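The sequence and the model are shown first.

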Amino acid sequence: MTTNAAGAKAIRRPVERVAVTVPARLHLGFLDLNGGLGRRFGSFGITLDSPQTRLTVGWSDALAAEGPDAGRALAHLEKVTRHFGVADKLRLTVERAIPSHIGLGSGTQLALATGVAVARLHGLDVKTRAIAHLLDRGARSSIGIAAFEQGGVILDGGRGDTDEPPPVLSRFAFPEQWRILLIFDQASHGVHGPAEIEAFHRLPPFPAEDAARLCRMVLMIALPALAEEDLDRFGGAVAELQRTVGDHFAPVQGARFMSPAVADVLAWLEAQGICGVGQSSWGPTGFAIIPSEADAETLLAAARRRWPDESNLAFQISRGRNRGGEIELVPSTD
């Protein structure tokens, strides 16, 4: 039995194990780092079809986790079972994982997948946002939560006075013909954890006029262009958002983009006429939005020739994903 991650119906029959597959996401930038109107951040993002995290949770003799990122998964498993007061003799297996700390939202997806799997295994009707709040996800952005629930291109309204994840304001489908070229710097990791919190404290004040310009640009250029599948205007708006936010973060990440090697690839892509380029979250992963599969394959081959394996750069083509995570319930045979 398979259900969409947005659903939360209680499971009435015994379940042997639950498998959850969740997507990565691009975080394109914050709209309002000023916060003068009472809400701060406001995030714009795209759900990716790959890479993905897939894990299973089933009954066992003891609480255990194995596979990539097993330590983080086990910590989530312990917290969820303790909070809901459910049986904790479970084994979690991470079959594949979005790479950690590269800007693709691996931590949120691992946490949500773990929490939802435990809830479904025990027949609990628990909302995704409640699991996110329990596991300390979504403090600044709801992009990862919305990617898990429904996919697509997502805009949230920023954090207000509470600790709740920001509300989702809009969700558009990512055009089926467009592709995303991902650029990985395999020798680098983005800012995360306590260092990320400290980095936000070190940032200079964000000008209110820049926040106003970015909000207007996303509302009046990026979203209409997305609805009309106009990649030139959508990509141009994304690039301007990236330039403004990247330059604001430069004092803590060293430059507009965290990885000099990824920055070189992005500059090369812009020289090829690709306007929608940037860095996801703190990086180092870069991206470029490409008009078609054929164009993406051509650029991928050219990039691999220009930056061979010894450069520590790797490349991957992804589609946008217009659906959320997948949950598979395996009934008990008893």
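## Helix packing

Helix α6 passes α7 in a left-handed crossing; a crossing is left-handed if the near helix is turned anticlockwise from the far one by less than a right angle, and right-handed if clockwise. The model is predicted, so that local features need pLDDT of at least 70 and side-chain atom pairs count only at pLDDT 80 or more, while totals for chains, interfaces and linings use all residues. Residues are numbered from 1 along each chain as its sequence is written, and side-chain values use heavy atoms, with hydrogens and water left out.

Helices (H or I, at least four residues) and strands (E, at least two) are DSSP runs numbered from the N terminus. Axes are lines fitted to C-alpha atoms, for helices over the stretch in contact, and angles run from 0 to 180 degrees between N-to-C directions.

| Helix pair | Angle | Axis separation |
|---|---|---|
| α6 (208-227) and α7 | about 160° | 8 Å |
| α1 (70-84) and α2 (106-121) | about 40° | 9 Å |

The angle between α6 and α7 makes them roughly antiparallel, and that between α1 and α2 makes them oblique. Angles under 35 degrees count as roughly parallel, over 145 as roughly antiparallel, 65 to 115 as roughly perpendicular and the rest as oblique.

The α1 and α2 crossing is right-handed. Contact means heavy atoms within 4.5 Å. On the α1 side the residues are R72, A73, H76, L77, V80 and T81, which meet S106, G107, L110, A111, T114, G115 and V118 of α2. By class, this contact has six nonpolar, six polar and one charged residue. Ala, Val, Leu, Ile, Met, Phe, Trp, Tyr, Cys and Pro count as nonpolar, Asp, Glu, Lys and Arg as charged, and the others, Gly among them, as polar.

## Sheet and aromatic pair

An open sheet of four strands is ordered β9-β10-β8-β11, with antiparallel pairing. Its edge strands, β9 (277-279) and β11 (313-318), each pair on one side only. Two strands pair if DSSP finds at least two bridges between them; β8 (residues 179-185) and β11 have six. L182 stands opposite Q316 in β11. Helix α8 (residues 260-271) lies across β8, β9, β10 (286-290) and β11, at about 150° to β8.

Rings of Phe, Tyr and Trp (its six-membered ring) pair if their centres lie within 6.5 Å; planes under 30 degrees apart count as stacked, over 60 as edge-to-face and the rest as tilted. The count is eight aromatic pairs. Among them, F249 and W282 are edge-to-face, 4.9 Å centre to centre with 80° between the planes. F249 lies in α7 (residues 231-253) and W282 in the loop between β9 and β10, 33 residues apart.
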